[in-house]
Each structure stands twice: as structure tokens, then as C-alpha cells.
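Look at the fold as a whole before turning to its parts.

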Amino acid sequence: MKELSVNHLLGIKYITEEDIQLIFETADHFKEVINRPIKKVPSLRDITIANIFFENSTRTKLSFELAQKRLSADVVNFAASSSSVTKGETLIDTVNNILSMKVDMVVMRHSSPGAAVFLSKNVNASIVNAGDGAHEHPTQALLDAYTIREKLGDVAGKKVVIVGDILHSRVALSNIYSLQKLGAQVKVCGPNTLIPRYIRELGVEVEPNLRKALEWCDVANMLRVQNERLDISYFPSTREYAMQYGLDKELLDSLNKEIVVMHPGPINRGVEITSDVADSKQSVILNQVENGVAVRMAVIYLLASKIKQ
Ligand code: CP
């Protein structure tokens, strides 16, 4: 049986193209499972997983939990705001206490970049990064690439523009790694203040003009401005941002081709994307969410196979 080259999913940076293809092949199987009347398989009846979220989440948290339950794993959920972390307990102590209750795998979202890597080096469990600050969000990038593959047949050779707040976005960095590993071309577009200086070192071109970026691409991934991570004002006003970098139906329809529109969510309707674009037939936003369950089932199943060895 083929297996992942890693024991944790800490970031797309740390996995290979073969790992990604294996996750996709496995997700194809689980996508078929979750479309059956009984959306469940008994594969992980002997595995217990803790989802520990130190930051808010709707999609990622529910998607991981559904993925785990559809694999028949035992699942416990931990929200930092209602835990003893508020009394000063450290991350390592918290996780070691959870692990002593015979937990095999930890899915963690944390506001600190590098938190998942740190945990993997300090505790004895398989760690899945569900987003660490502005660093990586590997399962989001996997489900994004899986959705492009589903919609366009392949990721290799496709042109993808990531638009918006690249500086504070873990989705952008993980997408750049995954798309490049799979052979796509990637550009970014956004206000100069929200484009990190290192971006060109990753082999990514910057296109400041949204129309030109959209005319070039097959896929536009419209990112949310991460207001919760903005310590200063990076652009004059939200209205100005929407006028320069927001995608509306008039702009979308004026392109000489049909592009695929993606968004990782949560959407700020009327800022990075208007409602008529978000709800248009070119939008695959809800397909991304649907695919997230199958992709996360694949990740958990493949990592659990390594625990059982
Ligand atoms: N895309 C994403 O990570 O959404 P949540 O913050 O709701 O999990």
C-alpha cells in the first residue's frame, strides 16, 4: 500500500507532489463514500482524535469533525476559550494531558505561526495543522487544488491568481506551495502593502492590476482581508479596496473567457467579492467546502495508517 512520506501534516512545504497525489486518489474514494446513503466507513474505529482550536473556525472545524466521524474515529473537541488554557496552562502541558487520555492524533488551529511544528517536536502524537497564524493552512490548499482538478481536469499547466491580503494569509502560502508542486503557474494580485517582499523568491509573479490578472488566469482565488491580523491601515478604506481589488459581476462578465472563482471563506460580501459573483455558476465556493470533507478524510486516514504500523 502507498503511504505518505510524513507522520504529520504540518504544511504543504513539508510534503511531496506524490503525497498530494496520494491524498487526492484517496479523497476520490471518500468522495464516493460521502455521497452514499450511509456516508460512513469503519476504517478508524480504533483511533481517537482531539480537535483543539485556539482560533475561531466554522468550515475547518466542522469539516474535520465530520471527516473523523465518517471514518468512525472517536472524536473530542477542545475550545481554548472554555479550557484551562485561560488559567495559564501551556500548550505542551495541555496537549500532553489530552494525550494521556489515549488520544492518537491532534488537529490544531492556533494563532501563532509555527505552533503545529513546535507541537510535533514536543509531544508524542500525529499532528495536523488546521491553520497556524499567517503561516500555513495545508488542508485548505489541498481542498482548493482538489477542486481545481475536479473542475478543470488537472492542476498542471493551469494559471491561478490569488487576489487580496497575501501578507496575512496562510491560505495564500499553502496554495502557492501546493499549486507549484502540482505544476500550475501562480500570480498574486493586491495592494502593494499586502504583498510580502519574499513572494518573488517563491517564483510567484506580482500583477498589481486586477483586470490584467483575471485576463491571464484560469482560476481566481479571492481572499478575505484578514482584519483581525491588521495592526495598521494597509489601504485607505474598505470602499477603495473593493473598487480596486473586489470582483464584481460586471468585471467577471467583461472577460473574454469563463474563469473559475474560488474563495476559502468566510466571505465578506461586497468587499473582495460581490454576492452575484459568489453565487454565480462560475463560483465553486461550496464545492470547495464539500470537497474539504473528502480531502480531510483522506489526510486523517493516511496519517492514521502510519500510527497503526
Ligand atoms: N477556510 C477556513 O479556514 O474557514 P474557517 O476559518 O471557517 O475554518
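Predicted model: local features only at pLDDT ≥ 70, side-chain atom pairs only at ≥ 80, totals over all residues.

**From chain to contacts**

Residues are numbered from 1 along each chain as its sequence is written, and side-chain values use heavy atoms, with hydrogens and water left out.

The protein chain has 11 helices and nine strands; these are DSSP runs numbered from the N terminus, helices being H or I with at least four residues and strands E with at least two. Of the 309 residues, 55% are buried, that is, under 20% relative accessible area with a 1.4 Å probe, protein chains only.

Strands of a sheet pair through backbone hydrogen bonds, either parallel or antiparallel. Here five strands form an open sheet with parallel pairing, in the order β7-β6-β5-β8-β9; two strands pair if DSSP finds at least two bridges between them. β7 (205–206) and β9 (260–262) are the edge strands, each pairing on one side only. Strand β5 (residues 159–163) is joined to strand β8 (residues 219–222) by four bridges, and Val160 stands opposite Val219 in β8.

Turn now to two helices. The axes of α5 (residues 138–152) and α11 (residues 285–308) come within 8 Å and cross at roughly 115 degrees; axes are lines fitted to C-alpha atoms over the stretch in contact, with angles from 0 to 180 degrees between N-to-C directions. Among the residues making this contact are Leu143 of α5 and Val295 of α11.

Methods: Contact = heavy atoms within 4.5 Å. Buried < 20%, exposed > 50% of the residue type's maximum accessible area, 1.4 Å probe, protein only.
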